[in-house]
Amino acid sequence: MKYKVTHSFSVPLAKLLHAREERYKHLDQFPDLKNVTLLEETKEGNIITQKRKVSLEGSMPAVLSAALTDLSLLEESTFDITTNTHEFKISPPGKDNVFIIKGKSIYQAAGDGSERSYDVEVLSSLLFVSPIVEKAIEEIHKHSLEKDRKSIAKFLGVET
């Protein structure tokens, strides 16, 4: 299942990119991000590589409860600071067959402001229920992206 999401911001691209990284250094101000733990971060040339653990406590769809014992996801991503392109893969640790979220987001100037656009694909290999799993994960991921958008907007002071 594939989908696209675009978020617009009323600030220049440089401010958006600054907020993208800095808000994780101020988690006390962003309760919606407290379920995210940065496990590893390296920078090599223009590429920032990160591993994050995302807790799913309280937001696990019933269709996945039986398939997962660890209620968390592992996000592995790279961000190219020259192209402002973020590529990511999110899946339950050691359970890629349950589902994988793969995607790419691009941060760019847009008129007087800026935007980030996502191209995302959700894949599941669970027998008989994969379409249900993919739809449930799509809805959860879209909700997560919206929470992330709000945290950036709040950090930027353009939304409360």
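Q: Across which strands does α3 lie, and at what angle does α3 run to β1?
A: Helices (H or I, at least four residues) and strands (E, at least two) are DSSP runs, numbered from the N terminus, contact means heavy atoms within 4.5 Å, and axes are lines fitted to C-alpha atoms, for helices over the stretch in contact, with angles from 0 to 180 degrees between N-to-C directions. In this predicted model, α3 lies across β1, β5, β6 and β7, and runs at about 10 degrees to β1. α1 lies across β1, β2, β3, β4, β5, β6 and β7, running at about 145 degrees to β6.

Q: What limits apply to a model of this kind?
A: The model is predicted, so to speak of local features needs pLDDT of at least 70, side-chain atom pairs count only at pLDDT 80 or more, and totals for chains, interfaces and linings use all residues.
A: Strands of a sheet pair through backbone hydrogen bonds, either parallel or antiparallel, and two strands count as paired if DSSP finds at least two bridges between them. Here seven strands form an open sheet in the order β1-β7-β6-β5-β4-β3-β2, with antiparallel pairing. β1 and β2 (36-44) stand at the edges with a single partner strand each, so one side of each has no neighbour in the sheet. Direction ignored, neighbouring strands of this sheet are turned by 15 degrees against each other on average. Eight bridges join β2 to β3, and Lys 43 stands opposite Ile 48 in β3.

Q: Which residues have the most contacts inside the largest nonpolar core?
A: In soluble globular proteins, nonpolar side chains tend to be buried together. A nonpolar core is a set of buried Ala, Val, Leu, Ile, Met, Phe, Trp, Tyr and Cys residues joined through side-chain atoms within 4.5 Å, where buried means under 20% relative accessible area, exposed over 50%, and partly exposed in between (1.4 Å probe, protein chains only). The largest such core has 27 residues, and those with the most contacts inside it are Leu 16, Phe 99, Ile 101 and Tyr 118. Among the elements that give two or more residues to this core are α1 (13-22), β6 (100-110) and α3 (130-156), and the largest share, four residues, comes from α3. Leaving aside residues up to four places away in sequence, Ile 101 touches residues including Phe 88, Val 120, Ile 137 and His 141.

Notes: Residues are numbered from 1 along each chain as its sequence is written. Side-chain values use heavy atoms; hydrogens and water are left out.
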